[in-house]
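Here is a briefing on one protein model. Please look over the sequence and the structure first.

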Amino acid sequence: MFEKPFVLGNTLILRVDLGRCRLIKKKNKWVVTNGGATTDDLIYNGNEYVVTVAILGAVNGETPTIDYQNNTKTVAGSFEVTASLNASESNYTFTTTSKEFVVLKRTLSLEWPSASYVYDGEQKIVNATLVNAVESDNLTLTHQNARGTNATSYTTSVAITGNNIDSYNLADGTLTATFDWVISPRPITASWQDVDSYVYNGKYQYPTLMLDGFVQTDTVHIATTFEGREGTKWTQFNS
């Protein structure tokens, strides 16, 4: 009979007692405990998984030869393993049996920079960083709409490509994602020049509005409208 399997490195070990293997003849499949032999431990990692049988019940330290079909798997997907006793092993009996196993896809994640910026005249580049990929697969990220300078909302999209890409997915089961981010308008502060009164000189006199906080490379125009005592109006432009 079969005992509960366990994973050693990338090898799934299933122990078999040859002296009692005829008990599973009528089912002709793997018999294991805890709901079956498919296990979440088999996750794509770029290496080869090997399913083998560890022999129990052989006499005098002998190691009967077991022949396998399709007992290795590297990429994600299902595979059916068949184990049978080698024809040369006349001193033992063993029922040929098969079982399907699954190597699960490797789950990737994306790390994004800040989703909020304040306009400063400099271009912002919002690129994701890929997490949990097998280095040798050389996965790459292709971004769209990942750059912005002006104050507005942006949505960056990214697609993942590379070697063995069918052995990966994100948590939502896809290989694409979007990220929303925003550049907010820059606040400007204004203050009046410290003059409360003027002496008549026959010319228009008015206080000056002082601005602070704008980007030095930008030209900011502020229109200020004044109304005189006699209803006269004029507009001052500050840059």
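Y117, Y154 and W181 form one aromatic cluster. Rings of Phe, Tyr and Trp (its six-membered ring) pair if their centres lie within 6.5 Å; planes under 30 degrees apart count as stacked, over 60 as edge-to-face and the rest as tilted. The model is predicted: local features need pLDDT of at least 70, side-chain atom pairs count only at pLDDT 80 or more, and totals for chains, interfaces and linings use all residues. Residues are numbered from 1 along each chain as its sequence is written, and side-chain values use heavy atoms, with hydrogens and water left out.

**Confidence**

- The protein chain has a mean pLDDT of 78, and 74% of its residues reach 70 or more. This score is the predictor's confidence in each residue, from 0 to 100.
- Residues 19–40 have a pLDDT below 50. In the model, this stretch has 43 contacts beyond near neighbours in sequence. A contact means heavy atoms within 4.5 Å.
- Residues 231–239 also fall below 50 in pLDDT. Beyond near neighbours in sequence, that stretch has 34 contacts in the model.

**Overall make-up**

- The protein chain has zero helices and 20 strands. Helices (H or I, at least four residues) and strands (E, at least two) are DSSP runs, numbered from the N terminus.
- Of its 239 residues, 31% count as buried. Buried means under 20% relative accessible area, exposed over 50%, and partly exposed in between (1.4 Å probe, protein chains only).
- Among contacts in the protein chain with a separation of 6 or more, 54% come from residues 24 or more positions apart.

**Aromatic pairs**

- The whole structure holds five aromatic pairs.
- Y44 and Y168 make an edge-to-face pair, 5.4 Å centre to centre with 80 degrees between the planes. Y44 sits in the loop between β2 (11–17) and β3 (49–56) and Y168 in strand β15, so this pair ties together parts that are 124 residues apart in sequence.
- Y44 is buried, at a relative accessible area of 1%. Y168 is buried, with a relative accessible area of 1%.
- The ring centres of F79 and F101 are 5.9 Å apart and their planes lie at 35 degrees, so this pair is tilted. The pair links distant parts of the chain, 22 residues apart: F79 is in strand β6 (residues 77–85) and F101 in strand β7 (residues 97–103).
- Both F79 and F101 are buried.

**Strand pairing**

- β4 and β6 run antiparallel, joined by four bridges. Two strands pair if DSSP finds at least two bridges between them.
- Q69 has T82 of β6 as its bridge partner.
- β6 and β7 also run antiparallel, with seven bridges joining them.
- A83 has T97 of β7 as its bridge partner.

**Salt bridge**

- The structure holds one salt bridge. The term means a side-chain nitrogen of Lys or Arg within 4 Å of a carboxyl oxygen of Asp or Glu.
- The side chains involved are those of D120 and K124, at 2.6 Å, N to O.
- D120 is partly exposed, at 29% relative accessible area. K124 is buried, at 13%.

**Positive phi**

- Most residues other than glycine have a negative phi.
- N70 is not a glycine, yet its phi is positive, about 60 degrees. N70 lies in the loop between β4 (66–69) and β5 (72–73). Its relative accessible area of 46% makes N70 partly exposed.
- N164, also a residue other than glycine, has a positive phi near 55 degrees. N164 lies in the loop between β14 (152–161) and β15 (168–170). N164 is partly exposed, at 35% relative accessibility.

**N169 and its surroundings**

- N169 lies in strand β15. N169 counts as buried, at 16% relative accessibility.
- Not counting residues up to four places away in sequence, N169 touches K105, R106, T107, L108, T174 and L175.
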